[in-house]
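Hi there,

Here is the structure I promised to send over. Have a look at it first, and then read on for what turned up.

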Amino acid sequence: MGAYVLVAPRLRLARLWAAEEVALAADELKGVLLPYPRDLEAPVRRFVRGASSWEELVAEVRRLGLPYTDVWSWTEEPVLRRLKSLWAGGFHLAVECYGPPLADEARATEELLRLLLRTRVTGKVDLSAWAKLVGGQPPVKEGYATLSLRAASGARVVEWRYPMPPSDALGPENLSEESVRRYVDYIFDFLMRARNPDEAYLMWLSRHHGELAAELAELAKALGVVKETQAASRET
């Protein structure tokens with residue numbers, strides 16, 4: 001099948017979608033490439049292969065020092081549990097993590113927080129500093145499905161059908177003062193006021209894409225991702 005890229009934001013809803021895309025192609029796939037720090041590869045593999053529980057995986061990720069373990073576990077649980085069920089069903093997909101090492105991730109998180117505050121307080125955007133934090137194309141590998149925020153050349157690409165949140169839309173191809181300000185506003189006006197990334201996304205979608213927000217909110221409620229019936233139209 002060649003290389004395969006699933007473009008999806010860092011949302012639980014989007015990971016549910018990506019998990020089912022992987023399941024549909026499981027009989028053709030050799031493995032998956034996941035955008036997690038490479039340090040997490042061993043514990044993630046243990047979980048997928050049934051050698052540890054979800055609680056043990058999250059505890060290990062926290063012990064290893066991932067700066068945003070709670071958000072990571074909320075977002076990534078659906079795809080990892082689906083990979084585990086596929087393994088149990090006889091689809092022994094290889095699991096590789098292609099993100100930077102945890103030490104680099106921690107430094108990047110610290111720098112991101114500094115830039116967020118600086119931009120919010122001063123209104124000034126240091127594009128050269130932001131450029132260092134924006135990732136490029138993801139890796140692709142024959143017979144593997146890559147989970148990513150953006151497409152890659154030389155691969156079959158399947159994309160999440162809803163708009164990307166500004167926090168995940170920022171990339172080298174659209175880096176500008178305007179796109180950075182959209183990113184910063186999204187973090188402060190939506191993400192920091194919500195209980196989880198999906199609720200923040202639905203709030204943002206409701207403001208900018210009302211019809212799509214109503215459609216996705218119904219799905220989110222049906223899947224138990226959000227509980228409030230007014231989540232999509234909540235005032236920000």
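**Helices H2 and H3**

In this predicted model, the axes of helix H2 (residues 41–48) and helix H3 (residues 54–64) come within 10 Å and cross at roughly 180°. The two helices are therefore roughly antiparallel to each other. On the H2 side, Pro-43, Val-44, Arg-46 and Phe-47 take part, and they meet Trp-54, Leu-57, Glu-60 and Leu-64 in H3. The residues of this contact divide into 6 nonpolar, no polar and 2 charged.

After H2 comes Gly-50, with a positive phi near 85°.

You will find 9 aromatic pairs in the structure. In one of them, the ring centres of Trp-54 and Trp-72 are 6.4 Å apart and the planes are at 5°, so the pair is stacked.

Tyr-36, Phe-47, Trp-54 and Trp-72 form one aromatic cluster. Tyr-36 also touches Val-44 and Leu-80, among others. The largest nonpolar core has 66 residues, and Tyr-36, Val-44, Trp-72 and Leu-80 are among those that touch the most other members.

Enjoy exploring it!

Definitions and conventions: Residues are numbered from 1 along each chain as its sequence is written. This is a predicted model: local features need pLDDT of at least 70, side-chain atom pairs count only at pLDDT 80 or more; totals for chains, interfaces and linings use all residues. Side-chain values use heavy atoms; hydrogens and water are left out. A nonpolar core is a set of buried Ala, Val, Leu, Ile, Met, Phe, Trp, Tyr and Cys residues joined through side-chain atoms within 4.5 Å. Buried means under 20% relative accessible area, exposed over 50%, partly exposed in between (1.4 Å probe, protein chains only). Contact means heavy atoms within 4.5 Å. Axes are lines fitted to C-alpha atoms, for helices over the stretch in contact, and angles run from 0 to 180 degrees between N-to-C directions. Helices (H or I, at least four residues) and strands (E, at least two) are DSSP runs, numbered from the N terminus. Angles under 35 degrees count as roughly parallel, over 145 as roughly antiparallel, 65 to 115 as roughly perpendicular and the rest as oblique. Ala, Val, Leu, Ile, Met, Phe, Trp, Tyr, Cys and Pro count as nonpolar, Asp, Glu, Lys and Arg as charged, and the others, Gly among them, as polar. Rings of Phe, Tyr and Trp (its six-membered ring) pair if their centres lie within 6.5 Å; planes under 30 degrees apart count as stacked, over 60 as edge-to-face and the rest as tilted. Lists of a residue's contacts leave out its neighbours within four places in sequence.
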